[in-house]
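Let's take a walk through a protein chain together, one stop at a time. Have the sequence and the 3D view ready.

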Amino acid sequence: MAVSLINPDRHVQVPLYHHVAVASGSRQVHIAGQVAWDENGELVAPGDLAGQVAQVYRNVAKALDAAGATFHDVVRFTWYAAGWKRRCTTRSTRASNRRHVSSTWPRRLPR
C-alpha cells in the first residue's frame, strides 16, 4: 500500500510526525496491541518507560515483517502508556523512539 505523509502549509512541523496520511491500495494490516515483552514473554526494561517503548517498537516491527510490511506502510500508530509516572522524561522517550524507528521509518514519502 502506498502511503503519502503530508504536513499542511502553515501548520506546526514536528520531527517524525505528519498531520495527514493518505493511503492508497486495497490491502490493510491491523496489528493487535503490543506490550514490552520479549519472545519468551518476559517483561523488558521493568520501570524504564523508554526501554519498554523501544521493545514495543521492536515487537511492532516483527509483526509488520510477518505481514510483509514495514514502517513505511504504517498509516496510523496509536500507543498508550499504562501505569506511567511523570518522573519518566518525555524527551528521553522521544529520543529512544527515534533511535529505534528512524532507520526504518521514512522522514517523508513522495507524494
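A residue is called buried when its relative accessible area is under 20%, exposed when that area is over 50%, and partly exposed in between (1.4 Å probe, protein chains only). Keep in mind that you are looking at a predicted model, in which local features need pLDDT of at least 70 and side-chain atom pairs count only at pLDDT 80 or more, while totals for chains, interfaces and linings use all residues. Residues are numbered from 1 along each chain as its sequence is written, and side-chain values use heavy atoms, leaving out hydrogens and water.

Start with the overall layout. The protein chain has two helices and two strands, and from the N terminus on the order is β-β-α-α. Here helices (H or I, at least four residues) and strands (E, at least two) are DSSP runs, numbered from the N terminus. Of the 111 residues in the protein chain, 26% are buried. The accessible surface comes to about 8,000 Å², and carbon and sulfur atoms hold 53% of it; such areas come from the Shrake-Rupley method with a 1.4 Å probe, and for residues only the protein chains shown count as cover.

Now look inside. Which residues make up the largest nonpolar core? Its 10 residues are Ala36, Leu49, Val53, Val56, Tyr57, Val60, Leu64, Ala69, Phe71 and Val74. A nonpolar core is a set of buried Ala, Val, Leu, Ile, Met, Phe, Trp, Tyr and Cys residues joined through side-chain atoms within 4.5 Å. Take Val56 from this set: leaving aside neighbours within four places in sequence, Val56 is in contact (heavy atoms within 4.5 Å) with Gln34, Val35 and Ala36.

Next come the aromatic rings. A pair of aromatic rings is described by the distance of the centres and the angle of the planes. Rings of Phe, Tyr and Trp (its six-membered ring) pair if their centres lie within 6.5 Å; planes under 30 degrees apart count as stacked, over 60 as edge-to-face and the rest as tilted. The whole structure holds three aromatic pairs. In one of them, the rings of Tyr57 and Phe77 have centres 5.1 Å apart and planes at 15°, so this pair is stacked. The pair links distant parts of the chain, 20 residues apart: Tyr57 sits in helix 1 (residues 49-66), and Phe77 in the loop between helix 1 and helix 2 (90-101). Is Tyr57 buried or exposed? Tyr57 counts as buried because its relative accessibility is 11%, whereas Phe77, at 27%, counts as partly exposed. Phe77 also pairs with Phe71: their ring centres are 6.5 Å apart and their planes at 35°, so that pair is tilted. Phe71 is buried, with a relative accessible area of 6%.

Not counting residues up to four places away in sequence, Ala67 touches Arg27 and Val29.

Finish with two residues in other loops. Leu16, in the loop between strand 1 and strand 2, has a phi near 65°, a positive value in a residue other than glycine. Ala45, in the loop between strand 2 and helix 1, likewise has a positive phi, near 55°. Leu16 is partly exposed at 28% relative accessible area, and Ala45 is partly exposed at 21%.
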